[in-house]
Amino acid sequence: MLDKEGIAKRIAMEIKDGYYVNLGIGIPTLVANYLPESMDVVLQSENGLLGIGPFPFVGDEDPDTINAGKQTITMLPGSAIFDSAMSFGMIRAKKVNLTILGAMEVAENGDIASWKIPGKMVKGMGGAMDLVASAENIIVAMQHVNKAGESKLLSKCTLPLTGINCVKKIVTELAVLDILPEGGFKLLERAPGVSVEQIRNATAGKLFAEGDIPEMVIF
Amino acid sequence: MNKVVSNADEAIRDIHDGMTLMLGGFGLCGLPEKCIAALVKKKVKDLTCISNNAGVDDFGIGLMLKQRQVKKMISSYVGENAEFERQLLSGELEVELIPQGTLATRCMAAGYGMPAIFTPAGIGTEVAIGKEIRNFNGKDYLLELAFEADFAIVKAWKGDTMGNLVYRSTARNFNPLMAMAGKVTIAEVEELVEPGELDPDHIHTPGIYVHRVFKGENYEKRIEQRTVR
């Protein structure tokens with residue numbers, strides 16, 4: 001089973017040289033820590049920055065320079081600043097190659113719910129609806145089951161949707177799965193020490209596990 | 001073309017109960033904190049506020065919420081504010097949550113003189129309820145209207161007396177978009193300079209969009225999530 005860092009490390013392996021990548025809040029933010037130094041990747045922050053650098057050293061925090069999670073960050077040589085409309089313009093126009101975000105539920109047809117629990121929690125969708133409506137390459141980073149032990153990989157989402165038919169890949173503490181174009185979760189890899197049976201038990205939606213499912217290799 | 005007013009109180013003098021305001025900033029970054037403080041002092045109420053976030057409990061728009069000055073919030077993300085969530089869940093506050101790109105682009109449309117935009121954000125979700133959908137090249141898009149706001153209140157790094165504005169770093173965010181979109185636009189700046197001191201090539205908001213500008217003193221610029229290496 002993977003911890004949050006493990007999920008982030010596995011997702012980092014999906015990023016290719018030359019990519020512009022948008023990282024959501026939570027586990028996706030950690031992915032930045034595991035990009036190989038040799039790789040040329042530019043991180044987009046939807047509050048208006050291309051080229052997110054590391055967190056600042058103590059004393060160097062700049063209140064004017066934050067990421068979409070409102071954390072203080074630094075910029076890199078070659079960073080660019082723009083307004084919020086242009087930020088979502090480049091997302092809508094598919095200039096961003098990969099979007100990594102969290103979710104509360106994902107359905108076997110690629111629907112995602114991530115912004116609201118009616119009557120309990122209303123934080124808002126932020127930029128997630130814009131991202132999932134336009135991005136062609138979306139990976140969800142999340143826990144396989146919720147705090148109550150219920151599967152978050154469902155046949156149909158129960159919570160209000162963020163977007164439809166959009167998620168392509170999911171990485172959880174248990175597995176890497178693709179969403180099949182015809183519907184269903186295709187099991188690609190198991191987390192170290194996790195059996196196909198465990199993954200099947202934690203997946204409420206249709207799971208396709210054909211042949212020998214390899215264990216993840218994480219560098 | 002001198003747009004200078006002496007302070008925040010003078011800048012907001014004719015903001016009255018029931019008006020619609022745009023407030024720049026992303027979280028507490030690039031927030032027009034001097035004008036918000038003046039609105040809190042003035043106790044003007046029944047406001048509709050268009051702003052990406054709702055501040056935190058003790059800073060930003062959170063201060064106006066605490067005094068129950070806000071009738072309706074139009075935002076994309078409000079997760080940082082417990083009092084906001086309480087007023088929302090209890091039904092005391094009317095809230096319209098909209099996608100962040102839609103929020104930004106509805107401001108932009110207003111400033112560009114366009115009545116509406118088409119965006120795919122929200123298709124298939126409750127955001128799409130009651131809205132016109134058009135299909136272009138096989139993909140569905142929502143028709144979203146340009147915002148109308150009585151006042152836009154923005155924060156810039158530098159401004160000149162003609163209202164030309166320059167923002168700094170990610171404090172730019174929604175500010176230049178909202179600056180274009182208000183019937184009346186108020187800009188508060190950290191440095192107020194004479195015409196000619198700003199490089200024309202580096203101006204983000206041309207002064208034609210700005211009606212009042214003043215220098216704010218002693219910016220607090222509170223950090224919401226101080227994160228270090």
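Contact is taken here to mean heavy atoms within 4.5 Å. The structure is a predicted model, in which local features need pLDDT of at least 70 and side-chain atom pairs count only at pLDDT 80 or more, whereas totals for chains, interfaces and linings use all residues. Residues are numbered from 1 along each chain as its sequence is written, chains are lettered from A and ligands numbered from 1 in the order in which they are written, and side-chain values use heavy atoms, with hydrogens and water left out.

Leaving out residues up to four places away in sequence, A:I15 touches A:V21, A:V31, A:L35, A:M39, A:V41, A:L98 and A:I100. A:I15 is also listed, together with A:V21, A:I100, A:V106, A:V140 and A:I170, among the residues with the most contacts inside the largest nonpolar core, which has 50 residues. Such a core is a set of buried Ala, Val, Leu, Ile, Met, Phe, Trp, Tyr and Cys residues joined through side-chain atoms within 4.5 Å, where buried means under 20% relative accessible area, exposed over 50% and partly exposed in between, for a 1.4 Å probe and protein chains only.

Between the chains, the axes of helix α3 (residues 84–92) of chain A and helix α5 (residues 100–111) of chain B come within 8 Å and cross at roughly 120°; helices are DSSP runs (H or I, at least four residues) numbered from the N terminus, and axes are lines fitted to C-alpha atoms over the stretch in contact, with angles from 0 to 180 degrees between N-to-C directions. The two helices are therefore oblique to each other, the class left after angles under 35 degrees (roughly parallel), over 145 (roughly antiparallel) and 65 to 115 (roughly perpendicular). In this pairing, A:S84, A:A85, A:F88 and A:R92 meet B:Q100, B:G101, B:A104, B:T105 and B:M108. The residues of the contact divide into four nonpolar, four polar and one charged, with Ala, Val, Leu, Ile, Met, Phe, Trp, Tyr, Cys and Pro counted as nonpolar, Asp, Glu, Lys and Arg as charged, and the others, Gly among them, as polar.

Within helix α3 of chain A, A:A85 is buried, with a relative accessible area of 7%. Neighbours within four places in sequence aside, A:A85 is in contact with B:A104, B:M108 and B:L177.

A:L2, found in the segment before α1 (4–12) of chain A, is likewise buried, at a relative accessible area of 12%. The C-alpha atoms of A:L2 and A:V194 are separated by 9.4 Å, although the residues are 192 apart along the chain.
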